[in-house]
Amino acid sequence: MEQREALGKLPAVGVLIERAPFREMADEHGRGLVVEALRSGLRELRRAILNGVAPARWTDNPVRRLEAAVGERLRSLGGPRLRRVVNATGIIVHTNLGRAPLSDAALVAVVTAASGYSNLEFDLEAGARGSRQSHVETLLGQMFPGRSALVVNNAAGAVLLALDALAAGREVVVSRGELVEIGGSFRIPDILEKSGARLVEVGTTNRTRTADYRRAVTRNGADVGALLRVHQSNFRIVGFTEAAPTRELVALGSEFGIPVIEDFGSGNLLPLADFGVTGANAEPTLADRVATGTDLLVFSGDKLLGGPQAGILIGTGEAIARCRNNPLARALRADRMRIAGLQATLRSHVRGRAARDIPVWRAIARPLEEVTEAATALRERLEERRAAGWTLETVAATSRVGGGAAPGARLPTRCLTLSHPDHPPTALRARLLRGDPPVAGRIAEDRVLFDLRTVPPHETAELEAALAGLLES
């Protein structure tokens, strides 16, 4: 009898879907998904009632309980969604957190380009079809005089395009020490294979000389399509090492009529050592690499350049023309939002305003005194809200550049630390990642660290609110 009465109190789906909370869910997720979630929730509740395990006092407010169950089911059906995260890890170019945040100017440019029609491929002066490359070619030409440029949708695609355009069906000579793997198990040999080129390894893991390349060229002659140099951007080999200077490779390529391609990776335009980054003295800049005379230089737009994801090729007019005329260039072309964001980012560099405008460079250039002041002030405010058992400290630490740039390089910083004897740091970190917005910190010495270098001032209040929620619990 009790079961029949309980089952009789379950509202019908048709009635529920007209109630305010479920109508709002339908507006956001679609009526069909909400109806299916309601049916599933009711089935589970009926099963629980029949098995005698229904939630206590569920009849007091069955709609509220169904609302919670349906909301949870809709979130699981929707799967992961892209969200803004407060990056307190101290890794400035964080690959897993979307790499480089865009500047205000780049954001405005992207929204403007996306919100209506644009002159993406329309020459306003001629009143005829134009080129989407023209919006960034002039800026890149100002930055690298005498060189041509091409922009595609990402750097891995740019490397693939360069190899396919210059060396498809032929051999590409690479040092064994440069057969690297980048994020997502993406390997240089795999890119070579996909481009149709054949890999020729020279030298050893730790020592490769120009003579090694010369032997491969003289042995294989006209079958060599390119010499490939890959910048060791995400690791370092130290000790008994040697690498052939790029200028010598360019001279060798010129002697035999073979183009030299360099995958530079990070797109670093400014000397990191000038900003107090220790261990970065050997990290070259784009200007350094262009000055070597390499035929084609490939780098990312969304790492240390500080813009949207893009693959940028700088090189001789002949090499760029071959890439531009390759069918892959169409498949890899950059869209209007990417072009707009990149154009705004390049303008900041051309005007010498990178450290002021671009978030990545603002974080790198942020004085240690300012970071320390922000960490100390945050700790003092949180101390007033701290419940018993919690420990808050500010400690000296180091930030990292990230994004596969300048491995081993460090930047002095100041971190706020949080710990509690009854709560392991992994659990605290997980709880913060479930917040709104999620907060990402790092764990060291059995406590959670929050690096204020990568938390811009306008996000400090969100970090404070998230931490206060823990401290007051």
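Student: What are the ground rules here?
Tutor: Residues are numbered from 1 along each chain as its sequence is written. The model is predicted, so local features need pLDDT of at least 70, side-chain atom pairs count only at pLDDT 80 or more, and totals for chains, interfaces and linings use all residues, while side-chain values use heavy atoms, with hydrogens and water left out.

Student: How many helices and strands does the chain have?
Tutor: The chain has 20 helices and 18 strands. Helices are DSSP runs of H or I with at least four residues, strands are runs of E with at least two, and both are numbered from the N terminus. The C-alpha trace spans about 95 × 50 × 50 Å along its principal axes.

Student: What makes R338 buried and D335 partly exposed?
Tutor: Buried means under 20% relative accessible area, exposed means over 50%, and partly exposed lies in between (1.4 Å probe, protein chains only). R338 has 19%, so R338 is buried. D335 has 31%, so D335 is partly exposed. Of the 473 residues of the chain, 47% count as buried.

Student: Why is the contact between D335 and R338 called a salt bridge?
Tutor: The term asks for a side-chain nitrogen of Lys or Arg within 4 Å of a carboxyl oxygen of Asp or Glu. For D335 and R338 the N to O distance is 3.9 Å. That is within 4 Å, so the pair counts. By this rule the chain has 27 salt bridges.

Student: How do you know that R324 and E137 form one?
Tutor: Their closest N and O atoms are 3.1 Å apart. The rule asks for within 4 Å, so the pair qualifies. This bridge links distant parts of the chain: R324 sits in helix α13, E137 in helix α7 (residues 134–143), and they are 187 residues apart.

Student: Are R324 and E137 buried or partly exposed?
Tutor: R324 is at 34% relative accessibility, so R324 counts as partly exposed. E137 has 28%, so E137 is partly exposed.

Student: What about R366 and E370?
Tutor: Their side chains meet in a salt bridge at 2.9 Å, N to O. R366 has a relative accessible area of 10%, so R366 is buried. E370 has 37%, so E370 is partly exposed. Elsewhere, salt bridges that share partners join E121, R129, R132 and R333 into one network.

Student: What makes strand β13 mostly covered?
Tutor: Five of the five residues in β13 (residues 311–315) are buried. G311, L313 and G315 point one way, and I312 and I314 point the other way.

Student: How do you know that β13 pairs with β5 and β12?
Tutor: Two strands pair if DSSP finds at least two bridges between them. Five bridges join β5 (residues 148–152) to β13. Five bridges also join β12 (residues 296–300) to β13. Each count meets the cut-off of at least two, so both pairs stand. Both pairs run antiparallel. V152 stands opposite G311, and L296 stands opposite G315.

Student: Why are β5 and β9 called edge strands?
Tutor: The open sheet has seven strands in the order β5-β13-β12-β11-β10-β6-β9, with mixed pairing. β5 and β9 (198–202) each have a single partner strand, so one side of each is left without a neighbour in the sheet.

Student: Which strands does helix α13 touch?
Tutor: Helix α13 (residues 317–324) packs on the sheet and touches β5, β12 and β13. Contact means heavy atoms within 4.5 Å.

Student: What makes a group of residues a nonpolar core?
Tutor: The residues must be buried Ala, Val, Leu, Ile, Met, Phe, Trp, Tyr or Cys, joined through side-chain atoms within 4.5 Å. The largest core has 30 residues, and those with the most contacts inside it are V172, I261, L296, L313 and C323. Its largest share, nine residues, comes from α8, which covers 155–167. Apart from it lies another core, of 23 residues, among them V86, A88, L378 and V439.

Student: Which residues does I261 contact?
Tutor: Leaving aside neighbours within four places in sequence, the contacts of I261 include A162, L163, L166 and L296.

Definitions and conventions: Axes fitted to C-alpha atoms, helices over the stretch in contact; angles between N-to-C directions.
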